[in-house]
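Below are my notes on the two-chain structure you sent. They are set out as numbered points, to be read beside the coordinates.

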Amino acid sequence: MPIALLHFALALVLSPMLLSLTHRTKAFFAGRQGAPWLQPYFELGRLLRKGAVFSTTTSWVFQVAPALGLAAAMAALTLLPFAGHRAIIAFPGDLLLFSGLLALWRFAAILAALDTGSSLEGMGASREAALSALGEPALILALGAIARQTGQLSLSGMLPALTVQTWNQAWPVLALLLVTLALVYLAENGRVPFDDPTTHLELTMIHEVMILDSSGPDLAFIEYAAALKLWILGALMAAILAPVSPLPEAPALLLALAGMAGVAIATGVTESVMARSRLNRLPKVLGTASILVAVALLLIQR
Amino acid sequence: MVTQALLILLILTCLSLLGSSRLSAYIRIVALQGLLLGALTLAVHAKSLSTDIVLLALGSTIIKSLVVPRMLARAIREADVRTAARPFLGYGGSLVAGMLLLPVALWLGWHLTLPHPVAGGLVVPVSLYAMFIGLFLIAGRQQALTQILGYLVLENGIYAFGVALLVDYPLWVELAILLDLLGAVLVMGVILFDINRDFDHIDTSRLSALKD
C-alpha cells in the first residue's frame with residue numbers, strides 16, 4: 001500500500017513533466033531550444049494565483065466541471081497500477097470503472113463547453129463527443145483484450161501480468177494492442193494527428209476550443225487533469241511496452257518511468273513528423289484502432 | 001512466429017483494401033500482398049526448405065508483386081481513371097462487413113478438417129478470409145479494375161491455402177495456377193482496355209445500357 005501511494009504521488013508530481021518532455025522533443029526536431037523543463041509547473045502556478053472570471057451566460061455547471069474533471073482523473077489514477085505494483089484500489093472489473101471515469105472527465109469538459117453558450121465551444125464539444133464515441137470502444141476492447149490475454153479482471157492484476165513471456169507467446173496481439181492504445185492515447189489527449197495542442201482560435205481544433213472561456217484556477221485544474229490523463233493513458237502503453245514483472249522494486253520503477261518517458265518522446269516524434277489530419281478522416285483513423293483491437297481479440301480467442 | 005506476423009499483416013492489407021478509395025493504393029496493397037505471400041511460403045516451410053519451395057516463392061513474388069501490378073498500373077493509366085467509382089456499399093460499411101467476415105473465416109478455418117495438420121493455426125483461416133474479401137470486392141465494387149483486384153485477392157487466398165498444403169500438392173500445380181493468373185490478368189487488362197475504348201468508362205454497373 002505505501003508503495004502504491006508513492007506511485008500515486010509520483011504520478012501527481014511527474015505528469016506535467018510528460019508535457020515538457022514532449023515539448024522538448026518537438027523543439028529538438030525543430031532546431032529550437034524549447035521552454036524550460038519546469039515550464040508546465042510555472043504555468044500551473046501562474047494560473048492558480050489568478051482569479052477566475054465567469055461569463056454571465058454560464059451557470060454552476062461551468063464552475064463545477066473543472067473540479068469534477070480533475071477529481072475523475074485522480075480517481076482513475078488510483079485504479080492504475082504502476083511499475084508492476086498493485087494500485088491503491090483494485091477489484092475485479094475495475095477496468096470498466098476506469099474507462100467510466102475517463103468518460104466522466106470528458107462529460108464534464110463537454111458540459112462546461114456547452115454551458116458557455118458559445119457556438120465555437122459547442123462545435124468543439126460536438127467534435128469531442130464524436131471522437132470519443134469512436135475512441136472509447138477501442139479503449140474498452142483493448143482493456144478487455146488484455147484481460148482475456150492475462151485471465152485477470154482487474155487492472156492491477158492484468159497489467160503486471162504482461163511479461164516478456166507474454167511478448168514471446170503472443171507478440172502480434174500485444175503489438176496490435178499497442179498500436180490501438182497509441183491511437184486512443186493521441187485522440188484522447190488531443191495530440192497530432194487528431195488535434196493540435198498548440199493552436200488557439202482555429203476552426204479545426206477540438207480540445208483547446210472547449211476551454212477558451214476557462215480562466216485562473218479552473219484552467220489550471222483542466223490543464224493539470226489533461227496532464228494526468230496523459231500519464232494515465234501513457235501508463236497503459238508503458239505497461240505493455242516495458243513489462244517489468246519479474247524485476248525487483250527499484251529497477252522496475254526505473255524501467256516503468258523509462259517507458260513513460262519513451263511514450264512522451266514518441267508522442268513528440270509523432271507530432272514532429274506528422275501534420276494534423278483532416279477532420280473528416282479522423283473517424284476512419286479511430287475506426288482503424290477499433291478494427292485492430294478486434295483482430296487482436298479474435299486472435300486471442302484461439 | 002514470423003508466419004503469424006505475416007498472416008496478421010495479410011488480414012490488415014485485406015481490411016485496408018476495403019477502406020481505401022484510390023486505385024493506385026489498391027494496386028500497391030495487392031502488390032504488398034504478393035510480397036507477403038512470397039515471404040509466407042518461405043516462413044511456413046522454413047524447416048524443410050527445398051529448391052522447389054524457394055523457386056515457387058520467388059516466382060510468385062515476381063508475378064504477384066511486380067508483373068501484375070505493373071500491368072494494372074498501365075491499365076489505369078490508359079483508361080485514365082484515378083479514384084474508384086462509388087461502391088455499392090460505402091467504404092465504412094465495407095470495413096464493417098470485412099470485420100464481420102473475420103470471425104466467420106476464423107471459425108470456418110479452425111473447424112475445417114484437413115487431411116493433415118497444417119503448419120501454423122492461422123494459415124487456413126486467413127486464406128479463407130482473403131478469399132472472402134476477394135469475393136466481396138468482386139461483388140461489391142462496380143469498376144472493372146477493382147473487380148480484377150478482387151479476383152487477385154481471391155487468388156491470393158487460394159495461394160495461401162495451397163502454401164499450407166504444399167506438402168501434398170506438387171510445385172507444378174502451383175506454378176500452373178500462377179501462369180493461369182498471369183494469363184487471366186492479361187486477358188482482363190485487354191478487356192478492360194476494350195470496355196474503356198467502347199464505353200469511355202469501366203463502370204460495370206452501367207454496362208447493361210447499350211451503346212450505339
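1. A salt bridge here is a side-chain nitrogen of Lys or Arg within 4 Å of a carboxyl oxygen of Asp or Glu. By that criterion A:Lys26 pairs with A:Glu271, and their closest N and O atoms are 2.7 Å apart. Please keep in mind that the model is predicted.

2. The A:Lys26 to A:Glu271 pair links distant parts of the chain. A:Lys26 sits in helix H1 (residues 2-30) of chain A, while A:Glu271 belongs to helix H10 (residues 249-273) of chain A, 245 residues apart. Are the two residues buried or exposed? Both A:Lys26 and A:Glu271 are buried.

3. Over all chains, the whole structure has 6 salt bridges. Another of them joins the side chains of A:Glu188 and A:Arg106, at 2.6 Å from N to O. This pair also links distant parts of the chain, with A:Glu188 in helix H7 of chain A and A:Arg106 in helix H4 (residues 94-115) of chain A, 82 residues apart. A:Glu188 and A:Arg106 are both buried.

4. In chain B, a salt bridge of 2.4 Å (N to O) is formed by the side chains of B:Lys64 and B:Glu155. B:Lys64 is in helix H3 (residues 51-79) of chain B and B:Glu155 is in helix H6 (residues 144-164) of chain B, so the pair ties together parts that lie 91 residues apart in sequence. Why does B:Glu155 count as buried? Its relative accessibility is 6%, and the cut-off for buried is under 20% relative accessible area. B:Lys64 counts as buried as well, at 4% relative accessibility.

5. Some of the salt bridges share partners. A:Arg106, A:Glu136, A:Glu188 and A:Lys229 are joined into one network in this way. In general, side chains of opposite charge can pair when their charged atoms come close.

6. The surroundings of B:Lys64 deserve a look in the viewer. Leaving aside neighbours within four places in sequence, B:Lys64 is in contact with residues including B:Val30, B:Ala31, B:Gly34 and B:Leu37.

7. How much area do chain A and chain B bury between them? The value is about 1300 Å², with 84% of it on carbon and sulfur atoms. The count of salt bridges between chain A and chain B is 0, and 1 residue pair is in polar contact, with both residues at pLDDT 80 or more. On the side of chain A that touches chain B, helix H7 (164-188) and helix H11 (282-300) of chain A each supply at least two residues. H11(A) gives the most, with 7 residues. By class, that side of chain A has 9 nonpolar, 1 polar and 2 charged residues. The contact as a whole takes 12 residues from chain A and 16 residues from chain B.

8. The largest nonpolar core has 140 residues. Those with the most contacts inside it are A:Leu80, A:Phe98, A:Leu177, A:Leu236, A:Val295, B:Leu15 and B:Leu72. Helix H9 (residues 216-241) of chain A provides the largest share of this core, 16 residues. Beyond its neighbours within four places in sequence, A:Leu236 is in contact with A:Leu80, A:Phe98, A:Leu139, A:Leu143, A:Leu159 and A:Leu181. A second, separate core has 6 residues, among them A:Ile110, A:Ala125, A:Met205 and A:Met210.

9. A:Val192 and A:Pro193 are joined by a cis peptide bond, with omega about 10°. A:Pro193 is in the loop between H7 and helix H8 (207-210) of chain A. A:Ala83 is not a glycine, yet has a positive phi of about 55°. A:Ala83 is placed in the loop between helix H3 (60-78) and H4 of chain A, and counts as buried at 11% relative accessibility.

10. A last point concerns B:Ala97, in helix H4 (residues 91-111) of chain B. Not counting residues up to four places away in sequence, B:Ala97 touches B:Leu89 and B:Phe136. The C-alpha atoms of B:Ala97 and B:Ile177 are separated by 29 Å, and the two residues are 80 residues apart along the chain.

Methods
Residues numbered from 1 in each chain as written. Chains lettered and ligands numbered in written order. Predicted model: local features only at pLDDT ≥ 70, side-chain atom pairs only at ≥ 80, totals over all residues. Heavy atoms only, no water. Contact = heavy atoms within 4.5 Å. Buried area = accessible area lost by both parts, 1.4 Å probe. Polar contact = N/O pair within 3.5 Å; in protein donor to acceptor, adjacent residues only side chain to side chain. Helix = DSSP H or I, 4+ residues; strand = E, 2+ residues; numbered from the N terminus. Nonpolar A, V, L, I, M, F, W, Y, C, P; charged D, E, K, R; others polar. Core = buried A, V, L, I, M, F, W, Y, C linked by side-chain atoms within 4.5 Å. Buried < 20%, exposed > 50% of the residue type's maximum accessible area, 1.4 Å probe, protein only.
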